[in-house]
Structure formats: C-alpha cells, structure tokens
Amino acid sequence: MTIAPSPPRRWLRRGLLALFAALALLAAIVVVNTLRAPSRQLEPGAFEPLAVDDEQALEHLAAAVRLQTISPEDPADFDPAPFTALHAALERAYPKVHATLTRERVADYSSMYRWQGSDPDARPIILTAHMDVVPPGDLERWTHPPFSAQRVDGALWGRGSMDDKGGLIAILEAAEAMLAAGITPTRTIYLCFGHDEELTGAGAQAMAARLAERGVTAELLVDEGMGITDGLFPGMTQPLALVGVAEKGYVILELSVEHPGGHGSAPPEHTAIGILAQAITRVEDQQMPASVAGPFRESLETAGPEMRGPIRFIATNLWLFEPVLLAVLLGDETTAATVRTTTAVTVIEGGVKANVLPSHASAKINHRLNYGDTVQDVMDHVIEVIDDPRVSVSLVAGNEVSRLSSTDAPAFEQLARSLREARPEIAVAPTLFVGASDARHYEAVAEQIYRISPFIMDEADVARFHGFDERLREEDFMAMIQFYGRLMQLE
Ligand SMILES: [Zn+2]
C-alpha cells in the first residue's frame, strides 16, 4: 500500500518540476542564441599594399622620436625649438608630400595639410595625429633612454613612439608612398597634426575652427585611440581593435563647508572638516548607477560572436546576463570604469592650526562621465547623496560625453574593413574611449569621428602609455602605414 503525498508536498513537486522546465527552456534559448549569433566582422577586400622602404620609414620615425617635442607640466616651460626642428625634418623626409599638398601652420606650431582629391563632390577625410609628447619622467626607469629611439627586439623604443609619433609618421609615409606610386586620392584628404594635444588641444581647436570657416564637413575623421587589444578582452582569442565612437565626459566638482571657527577647547560635534568628511564618504559609497549601455553594449554584442568560453554565452545573451555581468565588472576598478561614471576625490583642503577650529574645508572630485550620464546628472546625484545643506556643491569644470558616432554609417564599415585589410587576423568592435583626445574638437567639421591607434597592445603595453619603456613594434608600424594608405584611398 502506498501513501499519497500530502497536497502541499505535491504542489512543491509540481513547482519544482515547473522551475526545472523553465530553467531548461532558458538554457536552451541561451545556447541557441549563442550558436546563432552571427559574426559581424567584414570580409577584407583585395588591397594592393603600398610599396614602402621599411628601413627608411623606421629611420624617419626614429628621427621624429629623437626630437624632444615635450608638452611640459607648466605651459610656461614650453620650448618651441624641437617643434620647429620636427617641421624641418618632416619637410626633408617627405619631399613629394610637401611639393603636392598645401600646408599651413596653425596656432604657431600645428600643421594642417590639404591634398586635393580627384572627385570634387566626394566629402573629405580628416586624419589627425599629434606631434607633442608627455615628459619622460624618471629617466632611470627607462630600459633605453627615452629620446634615443633605439631599435631593439623588433621594436623602436622611445617617448612618443606609440603616442603619437607612430601615427604621425605612418600617415606621412603612406601619403609619400601613394605619391611615389602616382596615386591621387578620390576624396580630398586633410592631415591635421596638433602640437599641444597633451596640454589643451589649442592647436586642434584652431585647425577645426579654420576648417569650419571654410565650410568643410568631412565624411570621416580618424584620430588616435586605444590600441588593438591583445589578451585584454575576456574570451577573445584574436586581437580586437576597439574603435572609440565616443569619449567619456569629464567633471570636476568642489564641495565646500563654511562653519563658524573658534577655539579648539569647545568644539561643536562636527567641525567643517568633519562635515566635509561625511559628505565625501557618502559620495564614494553611493556612486552613479552602472549600466551596460551605448558603445560598451555594442562592444560586447559585436565581439560576442568571436569569443570563446563562458563569456560568449554572457555577451550574446545580455538580455539575461546583464545583472551578473555588471556585478562582475564592478568588482574590478578597470572594468568598472567601462560601465559607470567614475568618482575620484582628488584634492582636500581645510584647517590651519591644530588648536583652531577650521572655518572652511573643501574637496575636489573628478568624475569621468559614462555614456548616458550628463554633467547635470552628476551634480544632482552628488547633491542628493550628500543630503546636507551645510555642504555646497559647485561645478569647477565640465565636459559632456562627446557626440556618439554611428556604427551603421558607411564610414564605420570602411574603417573596419581598412583595419582588417591591413591586418586580417584581427576583429573590430566599437567602444567608449575612456581617455581624451584631440578628436572631440572636430565635432563640427566631421560627420563621423573614430578613435583607434592601430598597433597591437597587450597588458604590458597599457602601462607604456604616458609611462616608461614606451615602444612601437616595427611590424605594427608597417601595418599602420598600410592602414592609413587604405583609408586615404577610400572612394
Ligand atoms: Zn596621444
């Protein structure tokens, strides 16, 4: 004789069965989605590489790196001599470019070139790079002196080799090689080389203003950006070129507290410093909400089908896994910066003497805006979480997230194809560029703006940007010349 399960137990069993069935269905949907997610990579077309003298090109890059075109910490220390020397070196190295293209000096040391295209109706292309570099820092920490441009282990070492003289020289090599081969571009090409990108970008602003005055609207502008990441993006077995389609915004807020001062013997419960400290803690503990939105979402959706391992299931099923993914990304400060507006308390001031109550205390916070957040959103959020009328919040500086360039535009397709034609082994995806570049100054004169430094960048290379032992692999430099040559030949 069997005893029938009591009703509650039967319901429990049914419930478990239903849950199991739902989970199985969900798993099946995830697997099918993952397997069906099509690759979005474009097939490279046939492309005749430009004939380039590798040794001579590397000599030109070395000569440029040896010139110490430093953007100093204090603009008063600016030395124009290396810039003038670089202008002269470029004239000597690229005689055909200087005989064919028009060149004008803008904002004293920036250079803007114009190469008339064969089709007057086609919209121009702008390629930009900058001639200045950041100071080398502690010289002892360089394996090879930063301005010696030594060629060791298949790379050219020195400050500016990656950021951004590699790009500058590769563009000019490509133009010179095109002229030598008798190739005239279809579209008019502008080459805009700034001299103070690492300071204020005044050169780029002046060149953009001049283009605007002349009514130029380019189809496409390509500036420096992230390198072609290798081993940096989880799940990717091939290098991934992350093309910046927008830049993060920038906000500096000041928090300040005014409080009656007085002698330290009869203090209130919280001094101005104590009130400020509480406010800072609240701002750090309650950060802006995170989201997998905009360009970063597109990165995952585009790279997802190329990934291997569990991350591929996540990237191709964001509708389900977004909360899990966010939790993982927020666990690490580097990846957290890709999904939310960051918060860094960078300066604090207050107090004059150990036995005197401070009458004033203030702090500065640096936020980098994520896609979807505005300067006003950050202000509102900070005021709300501090929730204390004794703390005043004021805006010191604010730059919104730059305009978002399209990944559906023909220009993006052409850029992605050009990248894969120069390097068929890579995949291409859009991203939100977390740095800042000259590109944002050109929004009024270019329809689509993309940021990419087309050399391979692995984990060790990340620290070389503005760090020590900056160097460019020779094979990367050669591929860069072909990439820019491809871009300048777009129809
Ligand atoms: Zn740069």
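Modeller: Happy to! One term to begin with: two strands pair if DSSP finds at least two bridges between them. Please keep in mind that this is a predicted model.

Colleague: Thanks. In which sense do S7 and S8 pair, and over how many bridges?

Modeller: Thr229 stands opposite Leu240 in S8. S7 and S8 run antiparallel where they pair, and the count is two bridges.

Colleague: And which residue in S15 is the bridge partner of Glu247?

Modeller: S8 also pairs with strand S15 (residues 427–433), in the parallel sense and over seven bridges. Within S15, the bridge partner of Glu247 is Phe433.

Colleague: How many of the residues of strand S8 are buried?

Modeller: A residue counts as buried under 20% relative accessible area. Strand S8 (residues 240–247) is largely enclosed by the rest of the structure, because its buried residues number eight of the eight.

Colleague: Now the metal. Which residues coordinate the zinc ion?

Modeller: The donor atoms lie at 1.9 to 2.5 Å from the zinc ion. In sequence, the donor residues follow the spacing H-x32-D-x60-E. His130 sits in strand S3 (residues 125–130) and Glu224 in strand S7 (residues 218–229), 94 residues apart, so this pair links distant parts of the chain.

Colleague: Is the arrangement around the zinc ion tetrahedral or irregular?

Modeller: Four donors count as tetrahedral if all angles lie between 85 and 135 degrees. Around the zinc ion the four donor atoms subtend angles of 55 to 150°, so the arrangement is irregular.

Colleague: Are His130 and Glu224 buried or exposed?

Modeller: The relative accessible area of His130 is 1%, and that of Glu224 is 9%. Since the cut-off for buried is under 20%, His130 is buried, and Glu224 also counts as buried.

Colleague: How are helices H2 and H15 oriented to each other?

Modeller: The axes of helix H2 (residues 54–66) and helix H15 (residues 474–488) come within 11 Å and cross at roughly 100°. Residues in the contact include Leu58 and Leu61 of H2 and Phe477 and Ile481 of H15. Angles of 65 to 115 degrees count as roughly perpendicular, so H2 and H15 are roughly perpendicular.

Colleague: Last one: which are the edge strands of the open sheet?

Modeller: Four strands form this sheet in the order S11-S13-S9-S14, with antiparallel pairing. An edge strand pairs on one side only, and here those are S11 (342–350) and S14 (391–399).

Notes
Residues numbered from 1 in each chain as written. Predicted model: local features only at pLDDT ≥ 70, side-chain atom pairs only at ≥ 80, totals over all residues. Heavy atoms only, no water. Donors = N, O, S within 2.8 Å, 3.2 Å for Na, K, Ca; no water. Tetrahedral: all angles 85-135°; square planar, octahedral: opposite > 155°, others 65-115°. Buried < 20%, exposed > 50% of the residue type's maximum accessible area, 1.4 Å probe, protein only. Axes fitted to C-alpha atoms, helices over the stretch in contact; angles between N-to-C directions. Parallel < 35°, antiparallel > 145°, perpendicular 65-115°, else oblique. Contact = heavy atoms within 4.5 Å.
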